[in-house]
Amino acid sequence: MQHIENYINGELVAAHSKRSLHNVEPATGEAYSTTPDSDERDVGDAVRAAQGAFENWRLTPASERSCQLLRIADLIERDLDVLAEAESRDNGKPVSLARAVDIPRAAANFRFFATAILHDRSDAHITDTRAINYTLRRARGVAGLISPWNLPLYLLTWKIAPALATGNTAVAKPSEITPMTAYLLSKICIEAGLPPGVLNIVHGTGPSAGSPLVAHPDVPAISFTGGTTTGATIARIAAPMFKKLSLELGGKNPTVVFGDVDLDRILPELVRASFANQGQICLCGSRILVERTLYEQFVDRFVDAVQALAVGDPTDPETQQGALVSRSQLEKVKSYVELARDEGGRIRCGGHAPSDLPARCREGFFFLPTVVTDLAPDCRVQQEEIFGPVVTISPFDSESEAIDLANGTAYGLAASIWTHDLDRAHRVGAAVDAGVVWINCWLLRDLRTPFGGMKQSGVGREGGDEALRFFTEPQNICVHTP
Ligand code: NDP
């Protein structure tokens with residue numbers, strides 16, 4: 001069994017507690033590695049190391065910081081196959097998805113911010129003939145970075161890269177459910193020659209390792225991606241300490257399909273938008289709203305396409321749907337399908353575990369992609385985030401009803417709108433309460449654009465300039481020019 005270690009001050013070390021947690025492979029339900037069960041002592045060590053490295057790293061020229069981060073990107077790309085297999089095993093996602101999306105994006109995150117800092121500019125304001133103001137942007141210090149299990153390396157590096165690029169040092173806490181690729185990243189950082197303490201990775205549970213990181217007085221900035229309830233807990237701790245806070249939280253994203261679409265062309269994309277990574281992407285569309293003229297035909301065609309998805313061993317390159325990340329996630333999904341039945345929903349496909357899994361996967365956390373119709377918009381299944389392979393489909397009669405339904409939850413992370421009518425696309429896009437709106441596409445990401453949610457989907461934005469701003473403190477210098 002492989003033993004994962006913390007990465008503190010440039011070294012791989014065990015947790016103070018000497019305890020470890022079992023890391024389970026979702027496809028088999030068996031533990032295959034151990035993770036350090038870290039606590040506030042490990043977090044304290046990591047913060048001290050990050051503080052110790054801060055001054056030198058902050059003063060390192062941007063071009064050198066950039067080279068360091070580009071080296072890490074190169075090594076991620078070199079190790080693409082190893083990392084993709086590790087992520088698939090750790091998370092249950094199809095290896096093809098990890099290879100095509102997660103790992104390339106992790107390298108791209110480093111490349112993007114490593115080069116962005118080379119082109120950064122600051123503002124100057126001339127106050128008539130009396131003064132020149134210019135804005136310095138100072139690194140904040142030690143950044144606390146907490147990420148979830150669904151896109152483990154992709155989301156962790158989306159935080160690490162801008163934090164380090166802008167001259168901060170960091171303590172990262174990956175989800176204890178999927179620690180493996182973060183561990184491999186720490187080995188890559190050692191190989192790349194990243195100075196000790198610049199990045200520290202502490203493994204462990206949210207309460208025992210995440211919470212002390214959030215509460216640590218020497219960590220002035222917290223970037224968190226995860227569930228809305230956890231986000232609220234973190235905000236309660238961090239806000240009275242006046243920490244800079246970014247919260248990327250849950251979603252219940254609408255997919256709005258108007259009657260004028262070319263169904264043949266968009267159907268594969270709609271299936272992907274609903275079920276990629278078994279629906280465990282915060283941006284997946286989990287509520288499909290379809291114009292009534294197309295509704296019956298849409299449901300039939302969509303269900304056929306969903307039933308054709310290959311569910312199986314995530315390590316098989318042909319697999320399109322792997323395992324859910326954990327037993328508790330599987331139980332949660334099952335309970336929502338039961339609830340859908342109780343709430344009067346019609347299960348059009350799925351609704352149970354697959355019966356034809358390979359022997360290796362019989363105890364794994366699998367659930368068939370599930371489509372539910374006939375649910376009222378205000379029922380719990382249409383309101384609460386399930387974060388699994390369950391989508392609902394509901395009809396609408398007018399553009400305004402589509403907008404009302406799209407906006408009718410507490411969340412506002414993402415939406416997609418499908419129509420050939422350009423005027424309508426822009427109108428509806430601007431009326432939908434979502435931080436990210438895709439029109440006739442899904443998950444097409446330009447890393448320069450602001451990313452984040454409205455309403456209970458979060459506070460703050462990541463990506464491009466937003467991330468560079470989040471991790472730096474603006475300081476205005478006013479020079480009198482008599
Ligand atoms: P959680 O909120 O349970 O956990 C996220 C991270 O926070 C994990 O590392 C977790 O550790 C840690 N954590 C848990 N409790 C605390 C605490 N009290 N203090 C500090 N850290 C803590 O989310 P999940 O991991 O279950 O991820 C799924 C959620 O993430 C979904 O709601 C999804 O929508 C959301 N998400 C949002 C995205 C966005 O960009 N808006 C993107 C991806 C996911 P551990 O796991 O070890 O307990």
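In this predicted model, the lining of the largest cavity comprises, by class, 7 nonpolar, 7 polar and 2 charged residues. The largest cavity holds about 120 Å³ of space, and of the 16 residues that line it, Gly279, Cys284, Ser286, Phe387 and Gly388 are the closest to its centre. Two or more residues of this lining are given by each of strand S14 (285-291) and strand S17 (390-396). Altogether, the count of cavities of 30 Å³ or more comes to 5.

The second largest cavity contains about 70 Å³ of space, and its lining has a class composition of 8 nonpolar and 2 charged residues, with no polar residue. The residues that line the second largest cavity are Leu97, Val101, Asp102, Leu151, Tyr154, Arg272, Ala276, Ile281, Leu283 and Leu443. With 3 residues, helix H4 (residues 95-116) gives the most to this lining.

The division of the protein chain into domain 1 and domain 2 assigns residues 2-249 and 457-480 to domain 1, and residues 253-446 to domain 2. The centres of the two domains, taken over C-alpha atoms, are separated by 30 Å, and the contact takes 25 residues from domain 1 and 29 residues from domain 2.

Helix packing was examined for two pairs of helices. Helix H4, which contributes to the lining of the second largest cavity, packs with helix H5 (residues 152-165) at an angle of about 10°, the axes of H4 and H5 being 8 Å apart. Angles under 35 degrees count as roughly parallel, and H4 and H5 are therefore roughly parallel to each other. On the H4 side, the contact is made by Val101, Asp102, Ile103, Arg105, Ala106, Asn109, Phe110 and Phe113, while H5 supplies Leu153, Tyr154, Thr157, Trp158, Ile160, Ala161, Pro162 and Ala165. The residues of the contact of H4 with H5 divide into 12 nonpolar, 2 polar and 2 charged. Val101, Asp102 and Tyr154, which take part in this helix contact, are also among the residues that line the second largest cavity.

In the second pair, helix H3 (residues 80-91) and helix H6 (residues 180-192) pack at an angle of about 150°, with their axes 8 Å apart. Since angles over 145 degrees count as roughly antiparallel, H3 and H6 are therefore described as roughly antiparallel to each other. Leu83, Ala86, Glu87 and Asp90 of H3 make this contact with Met180, Thr181, Leu184 and Ile188 of H6, and by class the contact of H3 with H6 has 5 nonpolar, 1 polar and 2 charged residues.

Terms used:
Residues numbered from 1 in each chain as written. Predicted model: local features only at pLDDT ≥ 70, side-chain atom pairs only at ≥ 80, totals over all residues. Heavy atoms only, no water. Axes fitted to C-alpha atoms, helices over the stretch in contact; angles between N-to-C directions. Helix = DSSP H or I, 4+ residues; strand = E, 2+ residues; numbered from the N terminus. Parallel < 35°, antiparallel > 145°, perpendicular 65-115°, else oblique. Contact = heavy atoms within 4.5 Å. Nonpolar A, V, L, I, M, F, W, Y, C, P; charged D, E, K, R; others polar. 1 Å grid on protein atoms, 1.4 Å probe; cavity = no way out; pocket = protein on both sides within 12 Å on 5 of 7 lines; lining within 4 Å. Points joined across faces, edges and corners; volume = space filled by probe spheres on them. Domains from an automatic or database assignment.
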